[in-house]
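User: I would like to learn how to read the features of a structure such as this one. Could you take me through them step by step?

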Amino acid sequence: MSLAAASLSAMSALPLAALTGPFEVSLHSYLYLSAVIFAVGFFGVLLRKNTLVIYMCLELMLVASTVALVAFSRFNGVLDGNVFVFFILTVAAAEVAVGLAIIVALFRRRQTVQVEQLNALKN
Amino acid sequence: MSDVLFHLFAILTVACALGVVFNKNAVNSAICFLLSLVGVAGLFVLLDAFLLAVLMVLVYAGAVVALFLFIIMLLDVQGGERKKFTKATLLSSVIAGGLLVTGLVSFARNARTGQVSVADNVPVVGNSLRAYAEQLFTVYLLPVQIVGFLLLIAMLGVIVLSKKFDNTAVEDAK
């Protein structure tokens with residue numbers, strides 16, 4: 001009996017326990033989700049060779065952080081996280097415009113956006 | 001009901017994020033990114049941040065992804081034959097990604113949330129426009145001004161960056 005209870009409590013510490021029993025969406029669920037999206041974006045930045053796709057993966061990491069901020073804000077009953085996400089959205093829009101202009105300027109000069117060919121600073 | 005929706009949007013978001021990373025075609029990546037953002041907007045609705053959900057769809061899915069698609073199609077880079085990864089690259093990215101996941105998950109797991117881990121106990125504050133307006137025009141007035149100025153600077157910077165300067169005129173002036 002106690003063993004079953006112990007194993008159950010150990011299970012509930014795992015995110016996979018969501019599939020096995022009644023599940024309350026907690027702050028931790030949103031934090032796990034945010035971490036997973038962030039990690040996927042990070043992996044994309046490391047793995048991809050196309051500058052535009054790398055940039056998209058960077059945006060994905062930014063979005064993951066906004067999920068965490070909104071979740072913290074909601075579960076603590078304050079508005080500051082939401083307002084911060086508001087500012088992040090604005091800055092991200094400006095940043096994307098400037099970044100894409102830089103990529104276009106780079107393409108105009110080098111005729112490529114593949115990172116393995118953009119090695120002017122190598123050695 | 002809300003936990004079913006949470007899982008739905010979470011799976012949509014993560015699956016489309018994986019689609020961004022693993023699609024060979026950059027246009028498909030951009031469309032996956034769009035779907036991922038829609039999933040995030042759904043999560044924002046579940047978190048009672050309706051304004052942010054609408055803004056997410058308008059600003060990110062509307063403007064940013066459209067800009068990405070425009071640039072991808074303008075440059076028309078499909079990359080041709082993709083080079084194989086060297087083993088060192090693949091190994092180090094897997095290790096780095098694994099370390100990042102471990103660190104973030106242990107952070108999320110050990111986060112002390114006290115009594116607030118269930119949303120029903122917490123009053124909803126983010127669902128009215130009036131609350132945002134009060135915050136933005138009192139506490140955060142200076143950041144609002146700064147961000148507006150930043151947008152102006154970004155616009156000017158983009159114009160300067162994408163303008164084609166005539167190099168011969170500069171050399172003649174010398």
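User: To begin with, which domains does the domain assignment give for chain B?

Analyst: This is a predicted model, and for chain B the assignment gives domain 1, covering 1-78, and domain 2, covering 128-174. Taken over C-alpha atoms, the centres of these two domains of chain B are separated by 25 Å.

User: At what angle do helix H3 and helix H4 of chain A pack?

Analyst: Two packed helices are described by the angle between their axes and the distance between the axes. Here helix H3 (residues 51-76) and helix H4 (residues 80-110) of chain A pack at about 175°, with axes 9 Å apart, which makes H3(A) roughly antiparallel to H4(A). The contact has 12 nonpolar, 6 polar and 2 charged residues.

User: How many residues does the contact take from chain B and from chain A?

Analyst: Chain B contributes 69 residues and chain A contributes 65 residues to the contact. By class, the side of chain B that touches chain A has 51 nonpolar, 13 polar and 5 charged residues.

User: Which residues touch the most other members of the largest nonpolar core?

Analyst: In soluble globular proteins, nonpolar side chains tend to be buried together. The largest nonpolar core has 73 residues, of which A:Ile37, A:Met56, A:Leu60, A:Val67, A:Ala71 and B:Phe44 touch the most other members. H3(A) gives the most to this core, with 15 residues. Leaving aside neighbours within four places in sequence, A:Ala71 is in contact with A:Leu27, A:Tyr30, A:Leu31 and B:Leu47.

Terms used:
Residues are numbered from 1 along each chain as its sequence is written. Chains are lettered from A and ligands numbered from 1 in the order in which they are written. This is a predicted model: local features need pLDDT of at least 70, side-chain atom pairs count only at pLDDT 80 or more; totals for chains, interfaces and linings use all residues. Axes are lines fitted to C-alpha atoms, for helices over the stretch in contact, and angles run from 0 to 180 degrees between N-to-C directions. Helices (H or I, at least four residues) and strands (E, at least two) are DSSP runs, numbered from the N terminus. Angles under 35 degrees count as roughly parallel, over 145 as roughly antiparallel, 65 to 115 as roughly perpendicular and the rest as oblique. Ala, Val, Leu, Ile, Met, Phe, Trp, Tyr, Cys and Pro count as nonpolar, Asp, Glu, Lys and Arg as charged, and the others, Gly among them, as polar. Two residues are in contact if their C-beta atoms, placed from the backbone, lie within 7 Å. Domain bounds come from an automatic or database domain assignment. A nonpolar core is a set of buried Ala, Val, Leu, Ile, Met, Phe, Trp, Tyr and Cys residues joined through C-beta atoms within 7 Å. A residue is buried if 20 or more other C-beta atoms lie within 10 Å of its own, exposed if 12 or fewer, and partly exposed in between; C-beta atoms are placed from the backbone.
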